[in-house]
Amino acid sequence: MFRRFIERPILSAVISIIIVILGVLGLVTLPIEQYPDIAPPTIRVTASYTGANAETVLKSVVIPLEEQINGVENMTYMTSTASNDGSATIEVFFKQGINADMAAVNVQNRVARATSLLPAEVTRAGVITAKRQNSMLLVFSLRSENGEFDETFLQNYSKINLLPQIQRVNGVGEAMVFGMKDYSMRVWLKPDVMTSFGLMPSDVIAALNEQSLEAAPGRLGALNEQSFEYVLKYKGRLTQPAEFENIVIKADKNGNILRLKDVARIELGAMDYSIATTAMGKPGIAMAVFQAAGSNARDVIINAKKVLEESSKTFPPGIKYQILVDANDFLDSSIEKVLHTLLEAFVLVFIVVFVFLQNFRATLIPAISVPVSIIGTFFFLNLFGFTINLLTLFALVLAIGIVVDDAIVVVEAVHAKLDQGAKNAREAAVSAMSEISSAIIAITLVMAAVFVPVTFMKGTTGVFYRQFGITLAVAIVISAINALTLSPALCAIFLKPHSQSSLHKKGVMQRFYTIFNSVFSTMTTRYKKTTNLLISHRWAAGVIILLFSGGLWYLMETTPTGFVPTEDTGRMFIDISLPPATAMERTKKVVELVEGIVKNIPEVEARTAIVGNSLISGRGSSYGMLICSLIPFDQRKEKGQDINTIIGKLYMLTSKIKDAKIIIFTPPMVPGFSISGGFELKLEDKTGGDIKQFEQISRQFLGALNQRPEIQYAMTSFNSNFPQYQVDVNPARCKQSGITVSSVLSALQGYVGGFYASDFNRFGKQYRVMVQTEPNFRGNPQDMDNIFVMTSTGEMAPITEFITLKRVFGPENITRFNLYTSIAVNGAPNFGYSSGEVVAKMPVDARTIQPFKILHGGASLALAETVASAGSALLVDLSNSAVVGIEVNGNHVGSASSGYVFATAIIVHKGERTHVWNVEIVDETNRKIMIGRVTVMVVPKKQ
């Protein structure tokens, strides 16, 4: 059957050329990325309730949305955050492989159901549903070198001229600015003047809506049998501060007119002043580009940078941009290293084949066949929708050593026929292929059978193994095709019968061959003796197998495990947290102090400081962060210039800063799974109990975590000790004065919280008109005495007659996981430990940890999720009645004390997706009562 390919070498060559051409076409069109797209599709729902605190946002916005979104098709889990700045964020995670566009449509349909349940101001501001990954592919800063432009101008300039272009780049899920200093027409009310004129914020808001609006007057002359028609045009919404100043609030018959400028100061300012940003110590902003699910990260970065470079040509004088985070830097460096390894592997294989075959002509045959197999594989990678990534390239490196075997088998078989007296190479090739064709096919099927089964693995790791296994299997199949077509044809052309004269040649190479063959012959003889010895003593072979099996088991148990190795990516984040309620000005000074330390680190190339926001803690005046990029890898080759050493140095230098909790971390190795590397753990309260007791439990758990040597740090940004004032309205007093509770709260929101009154258009965009009192009128609780409301008699009464302020404490942000209040714990492995060791050693195993307290509620006690870089989590649900102790699988894990049950909410388990343990409850007499069970489910990792 294969004789034709030997007799027609051009046919064999054409087959290989076609494979190479298809491979080259696939190579030039394949996207390049660090790892396959393994992050689950994520849909993000955001809303804003101006002036509301976290609890109000949670009850009025988050919970109605969550209840409708929960259970959307193919959803795995969801998280949500409510903040004191009035923002609400819900992230819904879906199964791997689900179409992100359809997921977004399904979530949007669920959000639409909840619209009628939300406050009117929330729906007016808009509830946004969008798909995106939690992976910042690109972060860059804009700064004013000469200080001519402030942060507000830079942010709005970028949103008008730069951001829309980046958002149009294919694959961009979201492009955002760290901050909310969009232009806003700020109406700063003067409470004392308002009181003197008998006004409330509602009067100003009503005037704004009456006199700044769009209208459709129509046209004149239609259907009147006249020559012309005229369109009636109203000026529409006001756009300039001067126009807003002239809005009429009151007027009487005597011609007296009270205008807005008489009771308020109007300016074109910013919508929010809670976040401040600097870039390289200059006024600036930071912008981040997030990846859309299913997009090609490398292409997104390249195209976004092209837009940035082109736009920079028209920047106003003095405005510069700088790249802070570029995922392609590490990707390109990694790909370059793998390509070098690929080339080195090919050269080594060529040398080894040449040394053993000792014939240059024979060596050329596998040297030609191997590139055909490797290049042809790229066509099938493109056909299967794969990418060029570290896994597929590693598979090709491994494939070089495998695919060369088929060509060597053919060459050796033809050589053997020539040694046996074949008259020419063609006759030897035909004879050899008639004997080994079936063997080559069998070898191919056996090798494919090794790698093909892993392609059926599911989940995150399944994506990794699938691309790796299929790449190898395809290369092996193409190698077999070459061995049956091209290799025998090349043997018939290149090889020659052995001549007697060649055996007597003298030279350096011939002497090397003689020495090598002598040594190899000696080794072969010893190998035969060893084999015969094992045959005569079969028990020895069994003992060796047992020893190797035991060694394999020991190494598998003791070798550190992890999802992917942690490497130096050339960038780091510094999270800064100060005591609760720290003023923004104080936080800014601490951030500047940290930035000054970072500035003196020679390996740091660029930096941006953000006050009022952080990646771990969220938004708040007590938080800050720095985004730092290091100099290129080729400039950091000396000892002590790696990122771990730099982080250790920064920890030492910043340890002297008082009252500041500083965490330095690197981004995750696999984009899209989280903001930071290391591990993330979520504790969940299913009892609906007191948040402070829940926090106390989490602190005890953190104490246990931080005692482990494997853990560098474990911390939570959750803190319920932020000083707050609870507003209590006296309904009876309100009724006596003829006003409603809602009017009192509306006045409070208009003066203190701020009210989204209307919109205006400028610079081709739409902005908000915000009504709020001047900052100096709302500095402390005593300023509430200057706020008045109108009673039914027309008199102005202090709002403090109707409300009382009670000093309380509460959290800055409230997070939830799958409809329950949760507390997130972030951490990182200590130097020298892997993420797998942290998961295995951290105190979550019921057999090894110091138990932590879980509030006993008589029903479900706790639901906890441990998420590490391995991309999986463990959920445990413990249900019981009044108990004094718990045993799980015969292992005692707790005892009762002071109304609490000491128990472990997590049990590390590897294996099936769901596993059930019996729970045995013991009483004081050690009598066991079977009353429940423990269920462990493996779920995808949170972003």
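Visitor: Is Thr 79 buried or exposed?
Guide: Buried means under 20% relative accessible area, exposed over 50%, partly exposed in between (1.4 Å probe, protein chains only). Thr 79 has 7% relative accessibility, so Thr 79 counts as buried.

Visitor: What kind of model is this?
Guide: This is a predicted model, where local features need pLDDT of at least 70 and side-chain atom pairs count only at pLDDT 80 or more, while totals for chains, interfaces and linings use all residues. Residues are numbered from 1 along each chain as its sequence is written, and side-chain values use heavy atoms, with hydrogens and water left out.

Visitor: Which strand holds Thr 79, and what separates its C-alpha atom from that of Asn 818?
Guide: Strands (E, at least two residues) and helices (H or I, at least four) are DSSP runs, numbered from the N terminus. Thr 79 belongs to strand β2 (residues 75-83). Thr 79 and Asn 818 are 739 residues apart along the chain, yet their C-alpha atoms are separated by 6.3 Å.

Visitor: How many residues of helix α17 are buried?
Guide: Helix α17 spans residues 486-494 and is mostly covered. Among the buried ones are Leu 486, Pro 488 and Cys 491.

Visitor: Which residue in β14 stands opposite Thr 278?
Guide: Two strands pair if DSSP finds at least two bridges between them. Strand β13 (residues 276-279) pairs with β17 (residues 604-614) in the antiparallel sense over 4 bridges, and there Thr 278 stands opposite Ala 609. β13 also pairs with β14 (residues 282-291), antiparallel over 2 bridges. In β14, the residue opposite Thr 278 is Pro 283.
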